[in-house]
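Okay, thanks for coming, everyone. Let me put the structure up and then walk you through a few places in it.

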Amino acid sequence: MKIVFATNNRHKLDEIRKITEGKIEILSLSDINCREEIPETGTTLEENALLKAQFVKEKFGFDCFADDTGLEADALGGAPGVYSARYAGKQCNPQDNMNKLLSEMQAAANRKAQFRTVIALILNQKEYYFEGKIRGEIISDKRGSAGFGYDPVFMPDGYNKTFAELGEEEKNKISHRAIATNKLIDFLLSI
């Protein structure tokens, strides 16, 4: 089976391809000649994921899926959440985002957080959603060089290493994106 993953994020594409390897073939936006920046104007992860999938379906005609992921810190009322990728401003980078998060959580006694991924699938004119969550905590200093985004500051429950220290293979077994993607795979292989 082949399906389009509506993302311009190379890290997410690589991660999803590794998780689905041998089960489903993932086509990228460049594989379907989509070079456009897809707007993310939703106020929830679900809305953003669906907006991206709808964009590809409407403009290119392909059944597809998209995800949106947020880091939700308890002490910040669930922030940065849907704004995780642009937490430190529109032109920010992952380091800026982590620095802002660490600064805002400096005095926080509760460092609990979760990564949450929502996948929206458009298949045969129907919409489906798959969610993955992993609880953990925000550590006070960045550790590790693998992964991307907030991985150097997020330590999943039951581990003494951050996602960035665990490495790609281990992270892809337990992460929020892996949980949501495996639900998607199970669904697609069952129809």
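So, C34: with a relative accessibility of 3%, this cysteine counts as buried. Keep in mind as I go that we're looking at a predicted model. Is C34 in a disulfide, or in no disulfide? It's in none, and the nearest cysteine sulfur, which belongs to C64, sits 9.6 Å away. C64 is in no disulfide either, and it counts as buried because its relative accessibility is 0%. In the whole structure, the number of disulfides is zero.

Okay, on to strand 3, which covers residues 64-73. D67 is in that strand, and it's buried, at 1% relative accessible area. What does the D67 side chain make polar contacts with? One partner is the side chain of K12, at 3.1 Å, and another is the side chain of R177, at 3.2 Å. If you skip the neighbours within four places in sequence, D67 is in contact with several residues, including F5, A49, K52 and T117.

As background, nonpolar side chains tend to be buried together in soluble globular proteins. Here the largest nonpolar core has 19 residues, and those touching the most other members are L71, L101, I138, Y150, V153 and F154. Several elements supply at least two residues each, among them strand 3, strand 5 (112-123) and strand 6 (126-138). Which element gives the largest share? That's helix 3, with three residues. Let me zoom in on L71: again leaving out neighbours within four places, its contacts include L101, F115, I138, Y150 and F154. There's also a second, separate core, of 18 residues, and F5, L13, I26 and F130 are among its members.

Now the charged pairs. How many salt bridges does a search of the whole structure find? The count is 20. Take E36 and K59, whose side chains meet at 3.7 Å, N to O. E36 is in the loop between strand 2 (25-27) and helix 2 (45-60), while K59 is in helix 2 itself, so this pair links parts of the chain 23 residues apart. E36 counts as partly exposed, at 33% relative accessibility.

Compare that with R116 and E72, where the closest N and O atoms are 3.1 Å apart.

One more pair: E131 and K133 form a salt bridge at 3.9 Å, N to O. E131, at 29% relative accessibility, is partly exposed, and so is K133, at 44%. There's a network to point out as well: K12, E15, D67, D151, K171 and R177 are joined by salt bridges that share partners.

Last stop, N93. Where does it lie? In the loop between strand 4 (80-81) and helix 3 (94-104). N93 is partly exposed, with 36% relative accessibility. Its side chain reaches the backbone nitrogen of Q95 at 2.9 Å, and a polar atom of that side chain is 2.8 Å from the backbone nitrogen of D96. N93 and G149 are 56 residues apart in sequence, with their C-alphas 8.6 Å apart in space.

Okay, over to you for questions.

Terms used
Residues numbered from 1 in each chain as written. Predicted model: local features only at pLDDT ≥ 70, side-chain atom pairs only at ≥ 80, totals over all residues. Heavy atoms only, no water. Helix = DSSP H or I, 4+ residues; strand = E, 2+ residues; numbered from the N terminus. Buried < 20%, exposed > 50% of the residue type's maximum accessible area, 1.4 Å probe, protein only. Polar contact = N/O pair within 3.5 Å; in protein donor to acceptor, adjacent residues only side chain to side chain. Disulfide = S-S within 2.5 Å. Contact = heavy atoms within 4.5 Å. Core = buried A, V, L, I, M, F, W, Y, C linked by side-chain atoms within 4.5 Å. Salt bridge = Lys/Arg side-chain N within 4 Å of Asp/Glu carboxyl O.
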